[in-house]
Amino acid sequence: MKYVILIHNGPAIVELFEGMSDEDKAAAFQVYWDVEADLNASGELVDSKALDTDAQKIVVRGRNGKPVVTEAKAPTVADSVSGYYLVDVADEARAAAIAARFPEAVVPGGIRVARVWTDADFAANT
């Protein structure tokens, strides 16, 4: 089963990292590389990327179906997705175990895990 693990950035995450020493920050950032290496070794990693939280936009469908693009609020003001890991694992418990490794997992709401819908899911829900 495929799951997406969403890494978020928001006030609680900013506060978490601001309260860390330089050594603790280095160790926290190393976790991302360690998780990626472990997932590559196990064959569970499908994809992972960091996202530019400073350049995120909000797009809504405006009048006449044309997109309206606005600046997103700064990550220190509102939560934003700052990265993701797409994994192919046995079950939700494994995806949750992976998500729990990230530094953001200590902050309520810091990590989201969602199963990726399959064609069968779409067919059953249409």
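Contact here means heavy atoms within 4.5 Å. The model described is predicted.

**Leu6 in strand E1**
- Strand E1 contains Leu6.
- With a relative accessibility of 23%, Leu6 counts as partly exposed, because the partly exposed class lies between under 20% (buried) and over 50% (exposed).
- Neighbours within four places in sequence aside, Leu6 is in contact with Val81, Gly83, Tyr84, Gly110, Ile111 and Arg112.
- Leu6 and Ser80 are 74 residues apart along the chain, and 9.8 Å separates their C-alpha atoms.

**Helix H3**
- Helix H3 covers residues 92–99, and Ala95, Ile98 and Ala99 are buried in it.
- Viewed down the axis of H3, these buried residues fall within an arc of 100°, so they line one face of the helix.
- The cover over the buried residues of H3 includes strand E1 (2–9), helix H2 (22–42), strand E5 (80–88) and strand E6 (111–115).
- At the N-terminal end, H3 is capped by Asp91, which has a side-chain oxygen 3.3 Å from the backbone nitrogen of Ala93.

**The largest pocket**
- The largest pocket holds about 420 Å³ of space.
- Its lining consists of 19 residues, and those nearest the centre of the pocket are Ile7, Phe29, Tyr32, Ala50 and Ser82.
- Two or more lining residues come from each of E1, helix H1 (11–18), H2, strand E2 (45–50) and E5.
- By type, the lining of the largest pocket has ten nonpolar, five polar and four charged residues.

How values were computed: Residues numbered from 1 in each chain as written. Predicted model: local features only at pLDDT ≥ 70, side-chain atom pairs only at ≥ 80, totals over all residues. Heavy atoms only, no water. Buried < 20%, exposed > 50% of the residue type's maximum accessible area, 1.4 Å probe, protein only. Helix = DSSP H or I, 4+ residues; strand = E, 2+ residues; numbered from the N terminus. Arc of directions from axis to C-beta. Polar contact = N/O pair within 3.5 Å; in protein donor to acceptor, adjacent residues only side chain to side chain. 1 Å grid on protein atoms, 1.4 Å probe; cavity = no way out; pocket = protein on both sides within 12 Å on 5 of 7 lines; lining within 4 Å. Points joined across faces, edges and corners; volume = space filled by probe spheres on them. Nonpolar A, V, L, I, M, F, W, Y, C, P; charged D, E, K, R; others polar.
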